[in-house]
Every structure is written in structure tokens, then in C-alpha cells.
Amino acid sequence: MLNFAQSKAIETTDGPVLIIAGPGTGKTFTLVERVFYLIQHCGVLPEAILVSTFTEKAAMELKSRISDRGLADNISINLTEMYIGTLHSICLRILKENLEFSPLRKNFKLFDQFEQQYFIYQQMPAFDGIDGFEELLGNHRLSRWRKSEFVVKWVNKLHEEMVTAETLLSAPERIVQILGRVFETYRGLLNDENALDFSSVQVAAVRLLEDNPDVLEQLQNNISYLMIDEYQDTNTIQEHLIFLLGKNHRNICVVGDDDQGLYRFRGATIRNILEFPDRFAPGECQLIRLETNYRSHPDIVDFFSEWMKTGKWEFEGKRFRFDKSLNVPDKTFVDTAPVIRVSGKAEDIHDTQNWFGEILAFLNTLRESGKLSDWNQVAFLFNSVKNRRVLALANFLESKGIGVYSPRSNLFFERDEIQLLIGAFLFLFPKYMADRKSLSYSLDVWDYYDRCFQKFGRELQKPENANLLRWAKPKALRHIELAQNTDYRFSELFYELLMFPLFSNFISYDDLENVQDSRSARNLGIFCCW
């Protein structure tokens, strides 16, 4: 059942539209219904619709829900014809479909974040040779890896802000000119490698369109409706691309919430959503607010609304927030506090241990009382999951048999399955361990490699792993010099290792709902994909 605001958002199809969607207001549902309204009631072809959202996961959900919606009404929709996905994936599609107009060559590479940094790491001599590079680094004696991290940060920022090397080189400030030479060097290296990174995909797509008016005009004519989700998290180049594609028809609908801007570190600017109506003539852009929250307890909605009133949202006569009046539908809620605080702040290590104990006791009490049937029903919220105390809490809970899922906590490389796998590859390629001792410099990661190698070595000494030892020894001897190419790849070694109980036990489990068990299999899968 649609509420009035949702109906208005769905049926307001022509011209620019800004939908301010508060939390839990059915934003994705509204987007899906808007797509179907365009197809069913307005006769718009699927290939004339572009729908973008922020993450691949959200894009997959959109595709799934649009497909399910079509099946429910017995409507066949070819999603491959519709431009639907993240803006990065849409840019990649534009590049692939028009590769002959791009400086890219066939089978170009696309670096993920790690590959991008490793590429720069490999090419570091080219950057070290730039006059003033150390000055740009702040004259700090950084490791080669830290230098590559620094370069990644800056080149991505420059791509996202649509800054060119020429602009930087013509600046009066010396430090900006140095940055320009770094950026120019990186762009040249990318071109030589026939590669793109995550941020430069968008730059390449925009340049292709702007340098080839015929290609741009065809896309502008073909795409008559654009819907951009999570608009508060878009950056400068993404905004430029959206207005470039939507120039002819001007049917640009952006959806988001200025209160939920999260990704400043990715170049996102809240300015895009705040100033969207100003990009058009006064009164041309229609503003629609989705304010009925279907997800949260009334106490949470009331707390949020009152807390936001305390903010200072005006500066020099200009308001920097869209007014909202969140409400909840009339329905019965359980008379239980929606949020429970377990304990306060620990001041020292002794207090920390007490804090861990209090949390464990609280969780066990909930489970014993029947209020908690699965550990998946528990979520912890922290400012950062990489905090030392948070990591210690995760390790403590796991030591008590409570699995913790925290993909951003840097625990991946501390898991037994990953350390054993890395140790196995170090054992299988002994030349690395021998040669690295002869190097005149050291890296922090070597201590980690030593731990992995020793852990795997201890396992090989156990009687139950005798078959693994018999398999691994000849492989290691063959790899000592690597005088000739092998007839297998790293991935084949990985799958052979999975035959032995030391590793197969990580992927053999009966309870598919058990997070702790399934996590080890998932981690091994992630490692293999790398």
C-alpha cells in the first residue's frame, strides 16, 4: 500500500525531481515502483531508463526486486537493456560499448584498490625520480608501500574532483606543481599499462563522451529517464556525468538524504544533494519528502528528530539541511526499550576485562531467557571496528565460542585458515624465505610471514598431517630454483591444499547457519579470488 508521498514520487516522472528519503521510508520500494510506472503507464522502454545506486550489493538488490516485480505482473523485462548498476559499472559499460573511441586498447586491465596500490608500489622508482617528490611527502622517510599509499590517495582524489595534471602544473605554488608531475607520471604509467583504476573509470567515460559528440548525443537521446540513488554520496565527477547524460530530456530524479552522507573519504560531497534544485530554473525541480518510517520504533524516530533539532544548520543566511518531519505509521509496538546499554567506558586494562565479562554475561542471560536464539541477532556499534579494544573484544568473544563477523576489522589476516594458507605457500616456495634474508632492508610484513610459516611448520610435524608433508616436500624442492615453467597455477595449488584435512576441515561443516564455520570457507574463497 503506497502512502501519498510515495505515490507522488512514483508518478512525478517528467523534469528534475529531488526525493528526500528519510531512513526506513521505503526508498528502494519506491524506486522499483517508479521504474514499473514508467514502463507500464508511460510506455517507456527499459533501455531508455538508467538507474544507479552506490554499491554493487544495492545494485544487485535493485535488479532482483525489479525482476521479481516484473514476474509478479507477468511483465517481461530484459534487465541487460536497462542501464542499472553503480555509476562505476555504468561508466565501464559505456567504455566497453564504445572502446574504439577511447585511447584504451582491447582487453584493458581494471585495477581494484589493492592492485592499484601494488602497481604504484612496483613503479615507485618513476615517482622517486620526480624533483620534489620527497618534499610532497613532507620529507618523511616513508617505506615504499607507504609512499604508494600516499600516491593512491592523491590520484584518486584528483580523479574524483576532475582535476587535470595540466591545471596543477600551471599553478603558481611549487608544491601543487610537484603534485601535478606525480599525477602526470601516474596517468602516463596507466596508459602504458593499458589499465584503469576504480576512480579513473569515470574520468575515462566522461572524456570519451566529451571528445566524441556523436557518441554523447546518441546516449543523451537514448536515455530519457535517470534515477540516481544515494545522491548524497556522489562526488564531483559523478554529478558531472549525470548532468551530461541527462542534458537533453532533463528527466533526472535523484534520491537520498542529506542526513546520511557517509563517504567523504571517497570524494563524496553533500553539496550535490543540497544544491541540486539550484541547478535548474526556480520552481522547475520538484521536491518530494518521504517521511513515514516503517522500520524503527517510535522512540528511535522521536529521539532522532529531537536530536537533529539541536544542530546548527544555518550559516550566513543559508540553510545546509532539508527540513524533515519523520513519523511512524499507526501500529502496535512492543513495550520494550529498543536500545540497551550494557556498560560504561573502561579506564584501564583491568576495567576492559571486566567490560568483556559483563558483555558475555549479558549475552548468555539473553540466550538463557529465550530472548535470543541466534548470535546473529546481536549487533555491536562502534566508532571504528579497528580500535584495539574492539579487536580485543572480538577475540575474547570468539575464545568463548561466539563467532564474530566484522569484515572491516582487519581480522582477516589473523584468522587461522588464512595464516595457514599463507604459511603453506611460503613453504611451497622456499626461495622467497631464503632470498629475503639477504636484503639490506626490512618490511613489517615479514614478521607476519614468519608467524604464518612457523604456524604451518608446526602443523606439518603432526602425525595427522603426514600426507600433506609428503605432498608438499617434492613441490617445495621443485620450486627452489624455478628453472622451468610449471604446468599448473597458484589456484591449482590452492585447490590441491584443500584436499588435505588441515584445510578441508575449514570448509566442511554441517550447520550452514553457523557464521563462525561458514566464515572460514568464505575467507578461503576470498583469498583464492585474489
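Mentor: Let's start with Lys 475. Leaving aside its neighbours within four places in sequence, Lys 475 is in contact with Leu 428, Tyr 488, Leu 493 and Glu 496. Please keep in mind that this is a predicted model. Lys 475 itself sits in helix α21, which covers residues 466-479. Is Lys 475 buried or exposed? Its relative accessibility is 16%, and buried means under 20%, so Lys 475 counts as buried. Another residue to look at here is Phe 427: 48 residues separate it from Lys 475 in sequence, while the two C-alpha atoms are 9.2 Å apart in space.

Helix α18 spans residues 416-428.

Now step to Arg 415. This residue forms a salt bridge with Glu 398, and here the closest N and O atoms are 2.7 Å apart. Glu 398 is in helix α17 (residues 388-399) and Arg 415 is in the loop between α17 and α18, so the pair ties together parts 17 residues apart in sequence. Both partners count as buried: Glu 398 because its relative accessibility is 16%, and Arg 415 because its value is 8%.

A further salt bridge lies elsewhere in the chain. The side chains of Lys 27 and Glu 230 meet at 2.6 Å, N to O. Which parts of the chain does this pair link? Lys 27 is in helix α2 (residues 27-40), and Glu 230 is in the loop between β6 (225-228) and α13; these are distant parts of the chain, 203 residues apart. With a relative accessible area of 18%, Lys 27 is buried. The count of salt bridges comes to 27. Some of them share partners, and in this way Glu 239, Arg 271, Glu 275, Arg 279 and Lys 318 are joined into one network.

Helix α13, with residues 236-245, is worth a look for its packing too. Its axis and that of helix α11 (residues 200-211) come within 10 Å and cross at roughly 30°. The crossing of α11 past α13 is left-handed. On the α11 side, the residues that meet α13 are Gln 202, Val 203, Val 206, Leu 209 and Glu 210. Facing them from α13 are Ile 237, Gln 238, His 240, Leu 241, Leu 244 and Leu 245.

For a view of the surface, find Tyr 118 in helix α5 (residues 113-122). Tyr 118 counts as partly exposed because its relative accessibility is 39%. Together with Phe 114 and Trp 145, Tyr 118 forms a nonpolar patch on the surface, and the three have about 310 Å² of accessible area together.

Finally, let's look at the whole chain. Its secondary structure comes to 24 helices and ten strands. Of its 530 residues, 44% count as buried. The chain exposes about 30,300 Å², and carbon and sulfur atoms supply 52% of that area. Among contacts with a separation of 6 or more, 73% are between residues 24 or more positions apart.

Note on methods. Residues are numbered from 1 along each chain as its sequence is written. This is a predicted model: local features need pLDDT of at least 70, side-chain atom pairs count only at pLDDT 80 or more; totals for chains, interfaces and linings use all residues. Side-chain values use heavy atoms; hydrogens and water are left out. Patches are made of residues with over 30% relative accessible area and no salt bridge: like charges are joined within 9 Å, nonpolar side chains (Val, Leu, Ile, Met, Phe, Trp, Tyr) within 5 Å. Accessible areas come from the Shrake-Rupley method with a 1.4 Å probe; for residues, only the protein chains shown count as cover. A salt bridge is a side-chain nitrogen of Lys or Arg within 4 Å of a carboxyl oxygen of Asp or Glu. Helices (H or I, at least four residues) and strands (E, at least two) are DSSP runs, numbered from the N terminus. Buried means under 20% relative accessible area, exposed over 50%, partly exposed in between (1.4 Å probe, protein chains only). Axes are lines fitted to C-alpha atoms, for helices over the stretch in contact, and angles run from 0 to 180 degrees between N-to-C directions. A crossing is left-handed if the near helix is turned anticlockwise from the far one by less than a right angle, and right-handed if clockwise. Contact means heavy atoms within 4.5 Å.
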